[in-house]
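Dear colleague,

Please find below the structure that I am handing over to you, with its sequence. My notes on what was found in it come after.

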Amino acid sequence: MKPVISIIMGSTSDLPVMEKAAKFFDEMEVPFEINALSAHRTPERVEAFAKGAKERGIKVIIAAAGMAAHLPGVIASMTPIPVIGVPIDASLDGMDALLAIVQMPPGIPVATVGINGSLNAGILALQMIATGDEALYNKLVAYKENLKGKIEKANEDLSKIQFKFKTN
């Protein structure tokens, strides 16, 4: 298998957050890779990764970072491959990371999901790839239909709960 998506995190301490994207890719049967790279501690490795991603078959990069949160932007500055940034709640409730990732200069876009939102990053990455892959598109349609079913089931369960003044 050759990976088509790369999950990059600044540190393995981000793995509990990024695991949601990895589990989603497993569920969708999409090959991915996962690595730790630091924009500050291993800048040469970040550059080699970003500049070599296309040749390795990577179509979308998901980059997670907390605190200074430069990793997604640094990667985006070195490749035309789409980069999705996941701000990690490492300090200041993740707001510092969110603002660092979302405020990119013109010409260096980073799609940004919510704080600790790796599942949405995974879904967005597959939606990007699925524009040219009918089988993957159909998997995403089925996934989203399943989400509707979960809400319907939740309402069934809520209908069974009794309160003195509950009207439904």
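The notes below go from the overall fold to the sheet, the salt bridges and one surface patch.

This is a predicted model, in which local features need pLDDT of at least 70 and side-chain atom pairs count only at pLDDT 80 or more, while totals for chains, interfaces and linings use all residues. Residues are numbered from 1 along each chain as its sequence is written, and side-chain values use heavy atoms, with hydrogens and water left out.

Overall architecture

The protein has 6 helices and 5 strands, taken as DSSP runs numbered from the N terminus (helices: H or I, at least four residues; strands: E, at least two). Read from the N terminus, the order of elements is β-α-β-α-β-α-β-α-β-α-α. The C-alpha trace spans about 65 × 40 × 30 Å along its principal axes. Of the 168 residues, 38% count as buried; here buried means under 20% relative accessible area, exposed over 50%, and partly exposed in between (1.4 Å probe, protein chains only). The protein exposes about 9800 Å², of which carbon and sulfur atoms supply 58%; accessible areas come from the Shrake-Rupley method with a 1.4 Å probe, and for residues only the protein chains shown count as cover. Among contacts (heavy atoms within 4.5 Å) with a separation of 6 or more, 65% are between residues 24 or more positions apart.

The sheet

The 5 strands form an open sheet in the order β2-β1-β3-β4-β5, with parallel pairing; two strands pair if DSSP finds at least two bridges between them. Strands β2 and β5 (111-112) are at the edges, each pairing on one side only. Strand β1 (residues 5-9) runs parallel to β3 and is joined to β3 by 5 bridges; S6, for instance, has I61 in β3 as its bridge partner. Helix α4 lies across β3, β4 (83-88) and β5, at about 160 degrees to β4. For this angle, axes are lines fitted to C-alpha atoms, for helices over the stretch in contact, and angles run from 0 to 180 degrees between N-to-C directions.

Salt bridges

Side chains of opposite charge can pair when their charged atoms come close. With a salt bridge taken as a side-chain nitrogen of Lys or Arg within 4 Å of a carboxyl oxygen of Asp or Glu, the count comes to 5. Three of them are described here, including the pair K139 and E29, whose closest N and O atoms are 3.2 Å apart. This pair links distant parts of the chain, 110 residues apart: K139 is in helix α6 (residues 134-159) and E29 in the loop between α1 (15-28) and β2 (32-36). K139 is partly exposed at 29% relative accessible area, whereas E29 is exposed at 62%.

E33 and R56 form another salt bridge, at 2.8 Å between the closest N and O atoms. E33 sits in strand β2 and R56 in the loop between α2 (43-52) and β3 (60-66), 23 residues apart. E33 counts as buried at 15% relative accessibility, and R56 as partly exposed at 31%.

K153 and D157 meet at 2.7 Å, N to O. Both lie in helix α6, 4 residues apart, about one turn of the helix.

Surface patch

M95, L99 and V102 make a nonpolar surface patch of about 250 Å². Patches are made of residues with over 30% relative accessible area and no salt bridge, with like charges joined within 9 Å and nonpolar side chains (Val, Leu, Ile, Met, Phe, Trp, Tyr) within 5 Å. V102 belongs to helix α4 (residues 95-102) and is partly exposed at 43% relative accessible area.

With kind regards
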